[in-house]
Amino acid sequence: MKSEVSIFWFRRDLRIQDNRGLHAALASGYPVLPVFVFDRELTRGTDGPFDRRVDYVHQVIKCLDARLREHGSGIFAEPGTPVAVFQKLCEKYDIKAVFCNREYEPTAIARDEMVRKWAVEKGIAFHDEKDHVIFERDEVMSQGNTPYSVFSAYARTWKSRLSQADYQELRSPVDRFFGFVPPPVPSLRDIGFEKTGISLQPLEPEPGRIANYAQCRDYPAVDGTSRLSVALRFGTVSVRRCVAVAIRYSETWLNELIWREFFMQVLYHFPRVERECFKPAYESIRWRNNEAEFEQWCEGRTGYALVDAGMAELNETGYMHNRVRMVTASFLTKHLLIDWRWGEAYFAQKLTDYERSSNVGNWQWVAGCGCDAAPYFRVFNPAEQMKKFDRELMYVRRWNPGFEIKKPMVDHEFARKRALEVYRAGVQWYKSPV
Ligand SMILES: Cc1cc2nc3c(=O)[nH]c(=O)nc-3n(C[C@H](O)[C@H](O)[C@H](O)COP(=O)(O)OP(=O)(O)OC[C@H]3O[C@@H](n4cnc5c(N)ncnc54)[C@H](O)[C@@H]3O)c2cc1C
């Protein structure tokens, strides 16, 4: 006789408490078999064997497995494709249902549809829950029932809809996991990866830090932001916990959490923005796309101290402070006139907190071609930005020693004028092509 189980399929929700899909699975009436798939489709697109994200997720899965073993269970973790792993589990267990949390990116939606179809064909129920966001899909819409493309209006409606129930944390019973001895979690090397030196990030918002967020967040030398982006990306922290802390300690920080949801809903409603400018006029910009210059930018050799420091921080750690992300992205798209998609792809390769919707959304915002974007004629001056936000030069000294003797690869005033001309010509050409 096969044991009857419900499966909980962990993906980007790697925690036991306040996990809505897991909570639903634990209430299903069947013991819950936790599963994680090192999905080949996803790991194939990584930055070689030294990928910080895979290393990070692997460490989290091992921690979760250890915790579940304390309750007589564990995680069945395997490399492969979800359908192949579930198919294998079907041979051993009588699977009654698969539970997971909903995702909103086009590739994730397509993958989940495939699993749903497979489950239906097998007579297995498939349930997905809302977990990664406070509001999803059509829950925050304009009065005309259309998706928002302006952040301030979206945030206003988001806040007006919020009630305590939306960020109420769930406590789940931990005695309803399936009792079994799972095979050991495969090693990083078994799944084709190597250790990178990344260690687990903070998993909870710290009230003191959040209370000071508004004063500190723009200064890259100050450790003044939450550093929760990786935890939010992989769900080791619950967004409801973050919102509860934000409401208590910082409206400014709450707004950042809303930006995250804003870009998620933009990608959900306008999947074309993965590859196209939200504003079609900007597709007519004649990017210079000079490969040698792109390489200089990637390697932090532009001669602009703040830009190079940011790229060094990214290359060495997989993280870059938000202010510096804006400056480096602006430099690439405006000073060098390189297509935002090149920069987006480079960040996607390097950022441990890489989130497709946020990365695409912010790149387009900086390039001027996205939702609610800054007007294109606002070009960051990297030297002025440094004076304003790194006055003591602590950040640039840390990441870019010897910056004083490096020569700028392009003159700021020249590059600014060139950017304005090229952007203007592109947008005008779209309006009246000749
Ligand atoms: C060009 C560019 C690319 C970016 N790419 C990503 C990305 O791939 N993944 C990512 O998580 N963030 C991205 N951001 C947004 C932001 O830089 C990071 O979320 C932030 O620096 C992470 O540090 P933190 O956790 O200390 O953030 P905090 O400042 O403490 O903010 C808290 C959380 O709010 C969310 N958040 C903050 N700012 C933004 C924003 N502008 N847009 C969307 N969500 C936000 C994040 O989840 C963040 O962890 C990008 C910004 C720019 C300008």
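Modeller: First, a convention: helices (H or I, at least four residues) and strands (E, at least two) are DSSP runs, numbered from the N terminus. This is a predicted model, in which local features need pLDDT of at least 70, side-chain atom pairs count only at pLDDT 80 or more, and totals for chains, interfaces and linings use all residues. Residues are numbered from 1 along each chain as its sequence is written, and side-chain values use heavy atoms, with hydrogens and water left out.

Biologist: OK, let's start with Met 320: is it buried or exposed?
Modeller: Met 320 sits in the loop between helix H13 (305-317) and H14. Buried means under 20% relative accessible area, exposed over 50%, and partly exposed in between (1.4 Å probe, protein chains only). With a relative accessible area of 0%, Met 320 is therefore buried.

Biologist: And Arg 53, buried or exposed?
Modeller: You'll find Arg 53 in helix H3 (residues 52-70). Because its relative accessible area is 13%, Arg 53 counts as buried.

Biologist: What about Asn 255: which side chain does it join in a polar contact of 2.7 Å?
Modeller: Asn 255 lies in helix H11 and, at 22% relative accessibility, is partly exposed. Leaving aside residues up to four places away in sequence, Asn 255 touches Phe 151 and Lys 159 (contact means heavy atoms within 4.5 Å). The 2.7 Å polar contact is with the side chain of Lys 159.

Biologist: On to the ligand: how much of its accessible area does the protein cover?
Modeller: There are 27 residues around the ligand, the closest being Tyr 213, Thr 225, Ser 226, Arg 227 and Asn 322 (near means a heavy atom within 4 Å). Polar side-chain atoms of Asn 322 and Arg 325 lie 2.7 Å and 3.4 Å from an oxygen atom of the ligand, while one of Asn 359 is 2.9 Å from a ligand nitrogen atom. Of the 810 Å² of accessible area that the ligand has on its own (Shrake-Rupley method, 1.4 Å probe), the protein covers 97%.

Biologist: Which helix gives the largest share of the shell around the ligand?
Modeller: By class, the shell has 14 nonpolar, seven polar and six charged residues. Here Ala, Val, Leu, Ile, Met, Phe, Trp, Tyr, Cys and Pro count as nonpolar, Asp, Glu, Lys and Arg as charged, and the others, Gly among them, as polar. The largest share, six residues, comes from H11.

Biologist: Which domains does the ligand lie between?
Modeller: Domain bounds come from an automatic or database domain assignment, which gives domain 1 (1-130), domain 2 (133-168 + 203-269) and domain 3 (273-429). Two of these give residues to the shell around the ligand, so it lies between domain 2 and domain 3.

Biologist: Last one: how far apart are the C-alpha centres of domain 1 and domain 3?
Modeller: These two domains do touch, with six residues of domain 1 in contact with 15 residues of domain 3. Their C-alpha centres are separated by 37 Å.

Conventions:
A polar contact is a pair of N or O atoms within 3.5 Å; within protein, one must be able to donate a hydrogen and the other to accept it, and residues adjacent in sequence count only if both atoms are side-chain atoms.
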